[in-house]
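Please examine the sequence and the model shown below. The paragraphs that follow lead through selected contacts, sheets and backbone features.

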Amino acid sequence: MPTQSKTKKTSGSKTEVKSTKIDFGKKILFAASEAVPFIKTGGLADVAGALPKAYVDAGVDCRVILPLYMDIKQELKDKLQYLGNLYVNLSWRFQYCGLFKAEIDGVIYYLIDNEYYFKRSGLYGYFDDGERFAFFSKAILDCIKLMEGFVPDIIHANDWQSALVPVFLDVFYRNDDLYKNIKTVFTIHNIEFQGRYSGFISGDVLGLPDWAREYVEMSGDVNYMKGGIERANKVTTVSQTYSHEILNSYFGYGMNEILVNRQFKLTGIINGIDVKSNDPKTDGFAYVNYDLASFDKKVENKLAFQKDLGLPVDANIPMIGMVGRLTHQKGLDLLSPIITRILDMGVQLVVLGTGDYKYEEMLRGVQNRYPNNLRALVTFSAELASKIYCATDMFLMPSKFEPCGLSQMIAMRYGSLPIVRETGGLKDTVIPYDYTTGKGTGFTFYSYNAYDLLNAVERAVGMYRDYKEDWQKIVDNAMTQDFSWKNIALRYIDLYKEL
Ligand code: GLC
C-alpha cells in the first residue's frame with residue numbers, strides 16, 4: 001500500500017478550536033501500528049494522529065508508540081532521538097529492540113526499531129506478520145523501561161497489530177511493580193482483520209504457557225484480536241451502531257459470540273476528524289478556498305476540476321465523489337450493477353482509490369464507455385482527495401459495513417452531501433434529510449441492495465436539480481456539524497475513569 005506522500009498545507013486559520021483543559025492526572029500510552037504524521041494506510045492512522053493530540057491539547061499526558069518503518073519519510077526520521085535498546089523475548093527468540101523518540105506538535109511519539117522486522121517496504125502483507133506484530137506488542141511493554149520515567153497508567157491498544165499487549169501484560173509482566181497497576185483499553189477499528197494464524201504459534205512465537213493459550217485460541221487458530229478482547233479491561237469500537245452490529249454474525253466475522261460474552265466491557269465511541277487540516281477555508285489543495293459564508297465559490301472548484309479531468313465543463317452537472325479503498329467493505333458490489341444507471345442520470349462520478357483488481361477493472365471498463373461521466377482515479381493521493389471534497393456536490397459511501405468512516409464527515413464539512421448506507425458510523429454521523437422538518441445532513445438507505453442505493457442517488461440528484469432551497473438547507477446543516485475530537489476525547493476520558 002502506498003503511503004500518503006503529501007500533507008495538506010493549511011494557512012494559519014483564526015478559527016482554531018479553543019481547547020478546554022481536562023482534569024485527568026493519569027498517563028496514557030497509545031499503541032498503534034500506524035499514526036499520522038509518520039505513516040498511514042487507513043483510518044487508524046488518522047485516529048492515532050488526532051486523538052492523542054486532542055488529549056495533549058487538553059493537558060492530558062498521552063504518548064504514541066508505533067514501529068519504525070523503513071517507509072517513514074526521512075524528514076521525520078531526522079527528528080528522532082535515540083533513547084536506548086534492549087532485547088525482547090519471543091518464545092525462544094531474543095530480538096534486538098531500539099527505542100527512538102520525537103516530539104511533534106506537542107505530542108511525544110516513541111518508535112520501535114528492529115530492522116529485521118520493519119526495514120521492509122509497506123506495512124503489512126508479509127508471511128511473518130504474526131511474528132512482526134507479536135514482537136511489536138511485546139516490545140511496547142519492554143520499552144516502558146526506556147521511557148525516561150514515563151510509566152503509563154493506561155495502555156490503549158488498537159486493532160490486531162497491538163491486540164496482544166493486554167495478553168502479554170497479564171501473562172508475563174504483572175509480577176513486576178512497574179506493570180502491576182497498568183490498565184488496558186482495546187479499540188476495534190475493523191473486525192474483519194483479526195490477526196489469525198496457525199495454532200502452533202501460541203507456543204513457538206508468542207511463547208505463551210499452556211494455561212494462557214486459551215486467551216488467544218479460537219477454532220484451533222491463534223487469534224490476536226480475540227486475545228485483546230479477552231484480556232483488555234475495556235473494549236471499544238469506533239461507533240455506537242457498529243458496537244451493536246458486531247454482536248451478530250453478519251458483521252462479527254466469527255467474533256460475535258465472544259463479544260456477546262464480553263458485552264459488559266464493550267462500548268462504541270464515534271471518531272472525529274481533524275477539523276484543522278480538513279477545512280475548505282484553508283485546504284492548500286483547493287482550487288478556491290471557501291466556507292459556508294462564501295459557499296458560492298465552491299462551484300469554481302467543480303469547474304476547475306472538470307477541466308483538469310477532461311470532463312465536460314458545466315456548473316449544472318451534478319458531480320459525485322467517492323474516496324476510499326476499492327473493496328467489498330466500501331460497497332463496490334452494490335455500485336457495480338447500477339453504476340451505468342447512475343451515469344445515465346447525466347451526472348459526473350469521480351472515484352479515487354486503489355483496491356481489489358476486479359473493482360479497478362470494472363471502473364476502468366465503465367470509464368471507457370462513459371468518458372464524459374466517469375473518472376476512475378486508481379491511485380492514492382491526498383491532493384486528489386481534497387480536490388474531490390472541494391469540487392463535488394455529493395459524496396457516495398454505500399459501505400457493506402463501516403466501523404466509523406471518516407470521509408463522510410470530511411465531505412459534510414466541505415458541503416459535499418453524503419449518500420450513505422445506514423450502517424456503523426455512517427448511520428451515526430449522517431442524518432437523513434427530512435423536508436418536513438428541514439433537518440438532515442445527507443441521503444441514506446438501509447438495505448444492502450443495489451436498487452436502494454440507486455434510489456438514494458436518484459433522490460439526491462433530484463433534489464440537487466429541482467429543489468435548490470432544500471439543497472442549500474442540507475448544505476447548511478452538514479457544514480455546521482461539529483466533528484471535532486475535542487468532545488470525543490472527553491468521552492474516552494470518562495471511560496478511562498471507569499478503570
Ligand atoms: C477502519 C474502518 C473505518 C474507521 C477507521 C478509523 O479503517 O474501516 O470505518 O473509520 O478504521 O477508526
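**Contacts, sheets and backbone features**

The side chains of Asp308 and Tyr287 are joined by a polar contact of 2.6 Å; a polar contact is a pair of N or O atoms within 3.5 Å, where within protein one must be able to donate a hydrogen and the other to accept it, and residues adjacent in sequence count only if both atoms are side-chain atoms. The model is predicted, so local features need pLDDT of at least 70 and side-chain atom pairs count only at pLDDT 80 or more, whereas totals for chains, interfaces and linings use all residues. Residues are numbered from 1 along each chain as its sequence is written, and side-chain values use heavy atoms, with hydrogens and water left out.

Asp308 belongs to helix H11 (residues 298-309); helices (H or I, at least four residues) and strands (E, at least two) are DSSP runs, numbered from the N terminus. With a relative accessible area of 55%, Asp308 is exposed. The terms are set as follows: buried means under 20% relative accessible area, exposed over 50%, and partly exposed in between (1.4 Å probe, protein chains only). Asp170 is buried, at 19% relative accessible area, and its side chain makes a polar contact of 3.0 Å with the side chain of Arg174.

The sheets come next. Strands of a sheet pair through backbone hydrogen bonds, either parallel or antiparallel. Strand E14 (residues 348-352) runs parallel to E15 and is joined to E15 by four bridges. Within this pairing, Val350 has Arg375 in E15 as its bridge partner.

Another open sheet has three strands in the order E8-E10-E9, with antiparallel pairing. Its edge strands, strand E8 (196-198) and strand E9 (217-218), each pair on one side only. Two bridges link E9 with strand E10 (residues 221-223) in the antiparallel sense, and Met218 has Asp221 in E10 as its bridge partner. Helix H7 (residues 224-231) packs on this sheet, touching E8, E9 and E10, and its direction makes about 55° with that of E10.

Which residues come nearest to the ligand? Of the 14 residues around the ligand, these are His189, Asn271, Glu402, Cys404 and Gly405; a residue is near a molecule or strand if one of its heavy atoms lies within 4 Å of it. Asn271 places a polar side-chain atom 2.8 Å from an oxygen atom of the ligand. An N or O atom in the side chain of Gln329 is 3.1 Å from a ligand oxygen atom, and a backbone N or O atom of Gly405 lies 2.7 Å from an oxygen atom of the ligand. Taken alone, the ligand exposes 310 Å², of which the protein buries 92%; accessible areas come from the Shrake-Rupley method with a 1.4 Å probe, and for residues only the protein chains shown count as cover.

Most residues other than glycine have a negative phi, and most peptide bonds are trans. The peptide bond from Val36 to Pro37 is cis, with omega near 10°, and Pro37 lies in the loop between strand E1 (28-31) and helix H1 (43-57). Asp105, in the loop between strand E4 (93-104) and strand E5 (107-113), has a positive phi of about 55° although it is not a glycine. Asp105 counts as exposed, at 57% relative accessibility.

Notes: Pairing = 2+ DSSP bridges. Contact = heavy atoms within 4.5 Å. Axes fitted to C-alpha atoms, helices over the stretch in contact; angles between N-to-C directions.
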